[in-house]
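Have the structure open beside you and try each task before reading on.

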Amino acid sequence: MLFECRGSSSGNACSGRTFGLDVCLSQSQLESIVESRGGKASLLSTERLLRRLSNGFRYEIGGLSFVKYRKCQLEEIKRVIAYADLNVKELSAEVLHNAILRSFPKSTSVPPKSCRFLSHESLLGLRDEIGLPIDAEEINGSSSDLLGFVRPIIQLLEEFYNPEARHNRSEIGWDKEWIVIDCLNIVRSISEIGCTETNQILQTNGETVIPVLASVLLWDDPYDESIHDEHRIEVTCILRNIFAHGTKTHQTMIINARIVSKLSRMFLWRHNTKIDREVLLSLGTILSDEMPEQVQEMIEEGVIPRIVQLLCCSDLAIIDASLRLLVIISKDHFDIILKANKVHEHLFCIIKMPLDNQKNILSNCSILLRKLIEVDSSFVPLQVAYPEVIPRLVELLKLNTDDSVHTDLAMVFIHISKEATEDNIDSLVKDADFLSTLVKLFLIITPRCRTDNALDALIISSFDV
């Protein structure tokens, strides 16, 4: 066999030369060459997959060891599995875990579980996308274990997001971009535990970390592609958890950083389903208390038309969060909601949806519908509501047991029904079961809802129809 010794000849080797041995090639290159030349026997073992799992990228921050498999590595693992025709479900979880753990140590010893972190992104890729039967709890420590590393992680985030240093990274050799999202994942997981843990996050440079994180929401630098929507989503969740679990001081810091305005602008700027969901949840959390100035701040950003528009989307979490926000806004600014396009049509569409186990959606939708028809019944003409909505209202009134929902839906039902004419009254009574439902409302529902005297009067007057 000929021996090639003229430096690296990987290009020649990969080009398909029949003979030749090159000691300058890496193991992965050699395996790729063997694979391309049909050396199947040496490439079909599980060991080849385990070698790939043992070769993740490693980084250390303040004693915490990170391991991450980059996209090219995950693609290589997929290729190895496909080439060897491995059934990943039959692989031993313990063997896979041990292979991944071999990526962690700098020398020979594996760091304890409390001091290691497998990238969440890599975990999803290995477990959910590739299908390897691995368990994160066997590799990573708990969120509480990570509390001891909050300070260096927060310092790294501040360094990364510092506007003054962003354009100087190439000069100082800053090489941590690839783990920033993992640091955000860690801070988010800790912030979700509870008050004590959230407060500990803010004890580390709390006066600067909130403004720094807030700046990420609207960062738009064409020269820095590392700020992606994934970062914005994680930061939105962290800020929401800080507001929900932090002290009054921390909540004031959130308000002073104009998070409501920044979230509203990001909501209008980044049309992304995940961002929509997290922004709406965050605004609902921040505005749930009596905060008229912040509600006004959100309204001034012009978000209401888009919130109303999202009522007709297919994501129940977004619908739920949108309705919750609209109920908050409707307390003092219902006139602005009325100006949005097709409000009543969107609410009727929600009523017609299967709402099993969606009590919050039904409750908030019924509140808005009642306010809508009480302000101006012309928004819900019978020709729009019937024949689909009225039978659905009858069905919900028969099935629902929540008194407040009963009251609101009954008011909606009766207001719509009072628009009946001689042309449609027969079909209304027969097809929609209108008359018998009115009787049940009067005899059964109203005794449970006696606090709403207007409902009694309206039911009685409706018999004149």
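**Exercise 1.** With which residue does Glu75 form a salt bridge, and how far apart are the closest N and O atoms?

*Solution.* Before we start: this is a predicted model, where local features need pLDDT of at least 70 and side-chain atom pairs count only at pLDDT 80 or more, while totals for chains, interfaces and linings use all residues. Residues are numbered from 1 along each chain as its sequence is written, and side-chain values use heavy atoms, leaving out hydrogens and water.

Step 1: recall that a salt bridge is a side-chain nitrogen of Lys or Arg within 4 Å of a carboxyl oxygen of Asp or Glu.
Step 2: the partner of Glu75 is Lys78, with the closest N and O atoms 3.5 Å apart.
Step 3: both residues sit in helix α4 (residues 71-84), 3 residues apart, about one turn of the helix; helices are DSSP runs (H or I, at least four residues), numbered from the N terminus.

**Exercise 2.** Find the salt bridge between Glu297 and Arg258, and say which parts the pair ties together.

*Solution.* Step 1: the closest N and O atoms of Glu297 and Arg258 are 3.9 Å apart.
Step 1: Glu297 belongs to helix α17 (residues 292-300) and Arg258 to the loop between α14 (248-256) and α15 (259-269), so the pair ties together parts 39 residues apart in sequence.

**Exercise 3.** Is Glu297 buried or exposed?

*Solution.* Step 1: buried means under 20% relative accessible area, exposed over 50%, and partly exposed in between (1.4 Å probe, protein chains only).
Step 1: Glu297 has 13%, so Glu297 is buried.

How values were computed:
Helices (H or I, at least four residues) and strands (E, at least two) are DSSP runs, numbered from the N terminus.
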